[in-house]
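I opened this entry to keep track of what I looked up. The sequence and structure come first, then my notes.

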Amino acid sequence: MSSRVWRLLKTYTVLVYGFMFAPIVVVLILAFNNSQFGGFPIEGFSLRWFYELAENEAIIRALRTSVTLGMLTALIATTLGVLASMALVRYQFRGKQWITTFLISPVLVPETVLAVGLLIFLRWLHMPRSFGLLLIGHSIIALPFVVLVVQARLIGIRRDYEEAARSLGASPVQTFFQITLPLLMPAVFAGALFAFTISFDNITATIFWRPSGMETVPTQIFGMLRNSVSPEINALGFVMICITVGLPLLAGGLARYFSRRKV
Amino acid sequence: MARVELKSVRKQFGPVVAVHGADVVFEEGSFTTLLGPSGCGKTTILRMVSGLEKPTSGDIEIGGNRINDVPIHKRNLGLVFQNYALFPHRTIGENIAFGLKYRDVPKSEMARKVTEALDIVRLPGVEDRYPSQLSGGQQQRIALARAIVIEPDVLLLDEPLSALDANLREEMRVELKTIQDRIGVTSIFVTHDQSEALAMSDKIIVMSAGRIEQVGTPEEVYNTPASEFVAGFLGAANLLQARVINRDATHVVLETAEFGQTPVPLSHAATLGQSNDAKLMVRAEKLTLGPKGSDGVAAKVEAVDYQGQLARYFLRVGDTQLQAMNMIDGAPFGAGETVALSMNPDACAALPVGGPA
């Protein structure tokens with residue numbers, strides 16, 4: 001390819017990434033803007049919106065809900081995901097293909113459809129919307145990601161580790177906790193992080209499922225935006241970016257640190 | 001230590017029969033090799049003894065007890081894999097001690113046993129390292145230490161040397177045999193490598209396509225193979241079309257187009273039966289080349305594969321191609337030369353045509 005085409009391609013790529021990341025950068029910058037309004041021009045550096053954020057009870061409550069919801073979602077989706085992966089990778093049974101498809105399907109089905117479906121199902125069971133429902137819903141949405149990550153790793157773990165452990169006297173359950181789970185840990189951890197992030201970010205389905213009066217961070221922001229663009233939202237955006245980007249980076253770093261220590 | 005017995009054990013995977021009713025005895029304290037090409041069912045037999053597979057029918061006994069329904073972790077077996085299967089997240093010491101945890105061994109005793117096992121495999125002092133810090137040969141020694149430290153009733157070795165490079169493999173097989181002799185554990189060894197089988201075994205079980213072709217000592221299977229398959233799988237053999245022209249109390253006389261009449265001792269014709277069609281087996285190293293004009297059948301050298309102290313000759317007698325392997329005394333014969341081929345009939349064997357009779 002000629003250098004002119006290359007240059008064009010490079011420029012185009014830079015532009016695409018620019019358009020993708022510019023809004024995020026804008027939010028990050030505006031979070032520190034000492035202005036009455038959540039926009040340009042910059043009037044000076046200040047942490048004032050972070051202080052206001054910390055004193056906004058509604059937001060703190062939403063943040064607490066989101067974190068609790070995210071952690072419980074991670075716990076449930078990871079536990080189920082690991083068990084499902086074990087069954088799908090290590091055992092033979094009838095209808096395996098169908099179950100795989102079924103477990104992965106929440107990724108393929110539009111979220112709105114999934115949300116309405118679960119809601120109608122709950123209505124049919126005469127159950128009110130609740131935190132529990134929200135938790136179940138988020139776990140369903142997060143489960144496929146956990147299954148995909150854990151399954152991929154489990155396929156890579158040779159069976160003879162488990163067979164060796166069994167031959168040495170470990171029962172199937174002991175083998176799982178002593179050998180399989182430790183070897184699977186990086187994927188379990190990654191899956192849990194995925195699940196947390198997915199739950200923490202989710203808005204579409206959450207709007208359908210949350211009981212009245214309960215807000216997560218995304219629905220809270222959405223609600224605040226309906227009135228006006230408060231500069232607090234920029235600060236909140238900064239916090240959310242820190243959590244959703246920082247957490248996986250931290251985990252990756254930790255994983256690398258531990259694996260280096262061992263080898 | 002215990003005797004292992006398979007009674008008409010059969011294994012089927014879906015429509016595929018992996019093992020056709022096998023009756024085998026692994027004597028107490030013996031080193032028995034299951035030998036055959038890949039897919040012959042040897043690994044399936046090993047996995048059934050270990051409990052990793054369940055026989056479709058038939059019984060497996062260890063020390064006289066039927067163990068078909070005993071799960072693997074209650075069988076007290078030592079298992080060594082081709083890829084070592086050391087737990088990568090555990091130190092060498094923890095790997096070896098793994099089986100002891102399930103055997104009510106006190107802590108102090110445990111450390112002593114681990115040290116002892118490491119001494120046996122001649123790798124003392126590596127307790128605190130991780131498997132990835134050891135070479136392949138060392139990892140396989142650790143795998144062996146982990147398997148023998150629990151004092152298993154039976155030691156099962158699934159191609160344990162295949163992943164090692166050639167020099168190390170020969171060194172390890174001597175060592176493995178020495179260790180087995182020393183601790184005297186009943187061992188079942190699976191391999192597709194005939195030289196490993198011949199060098200290490202008390203008894204060899206040759207398998208092909210899910211069936212046992214022959215059971216015998218290394219000398220027996222090498223010198224008096226029961227079938228064409230066994231003759232061809234171990235060493236280099238020439239198999240010649242032959243007719244039985246006479247039988248007496250001590251010999252069977254075979255006639256071949258290449259060598260005329262050859263009296264084969266009866267002990268080398270055990271599986272021949274009453275058929276008049278037969279195969280005469282002559283080992284490549286039992287065909288001796290002499291200079292043109294000396295005693296023997298005239299043959300033409302077509303190619304020479306020079307191997308240092310040995311030369312492998314590809315010869316032609318009439319329409320038949322033969323292989324001979326001779327020590328080189330002076331200069332080897334060259335391609336295109338005519339030589340005189342001779343052999344000792346006592347070193348030949350008479351085999352039935354096709355499968356075992």
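**Nonpolar cores**

I looked up the largest nonpolar core first, and it has 100 residues. Those with the most contacts inside it are Val49(B), Ala143(B), Ala145(B), Leu156(B), Ile188(B) and Ala350(B). A nonpolar core is a set of buried Ala, Val, Leu, Ile, Met, Phe, Trp, Tyr and Cys residues joined through C-beta atoms within 7 Å. A residue is buried if 20 or more other C-beta atoms lie within 10 Å of its own, exposed if 12 or fewer, and partly exposed in between, with C-beta atoms placed from the backbone.

Helix α4 (residues 136-148) of chain B gives the most to this core, namely six residues. At least three residues of the core come from each of domain 1 (4-223) and domain 2 (228-351) of chain B; the bounds are from an automatic or database domain assignment. I also noted a second, separate core of 31 residues, with Ala74(A), Val82(A), Ala142(A) and Ala205(A) among them.

I noted how the model is to be read: it is predicted, local features need pLDDT of at least 70, side-chain atom pairs count only at pLDDT 80 or more, and totals for chains, interfaces and linings use all residues. Residues are numbered from 1 along each chain as its sequence is written, while chains are lettered from A and ligands numbered from 1 in the order in which they are written.

**Ala350(B)**

Which residues does Ala350(B) touch, not counting residues up to four places away in sequence? I found Val252(B), Leu254(B), Val264(B), His268(B), Ala269(B), Leu272(B), Ala278(B) and Leu280(B). Contact here means C-beta atoms, placed from the backbone, within 7 Å.

**Helix α4(B)**

I checked the length of α4(B): its 13 residues reach 19 Å from first C-alpha to last, close to the 18 Å expected at 1.5 Å a residue. The expected span is 1.5 Å times one less than the number of residues. Helices (H or I, at least four residues) and strands (E, at least two) are DSSP runs, numbered from the N terminus.

Ten of the 13 residues of α4(B) are buried, so the helix is largely enclosed by the rest of the structure. Among them are Arg141(B), Ala143(B), Ala145(B) and Ile148(B). Their cover includes β6 (77-80), α2 (92-101), α3 (107-120), β7 (154-158) and α5 (166-183) of chain B.

**Two sheets in chain B**

I traced an open sheet of five strands in the order β13-β12-β11-β14-β20 (chain B), paired antiparallel. Two strands pair if DSSP finds at least two bridges between them. β13 (260-265) and β20 (349-351) of chain B are at the edges with a single partner strand each, so one side of each has no neighbour in the sheet. Strands β11 (residues 237-247) and β12 (residues 251-256) of chain B run antiparallel and are joined by five bridges. Arg247(B) stands opposite Val252(B) in β12(B).

Another open sheet of five strands runs β15-β19-β16-β17-β18 (chain B), with antiparallel pairing. Its edge strands are β15 (287-291) and β18 (320-327) of chain B. Strand β17 (residues 310-317) of chain B pairs with β18(B) over eight bridges, and Leu310(B) stands opposite Met327(B).

**The chains**

I noted eleven helices and zero strands for chain A. Chain B has eight helices and 20 strands. Buried residues make up 32% of the 263 residues in chain A and 41% of the 357 residues in chain B.

Terms used:
Contact = placed C-beta atoms within 7 Å.
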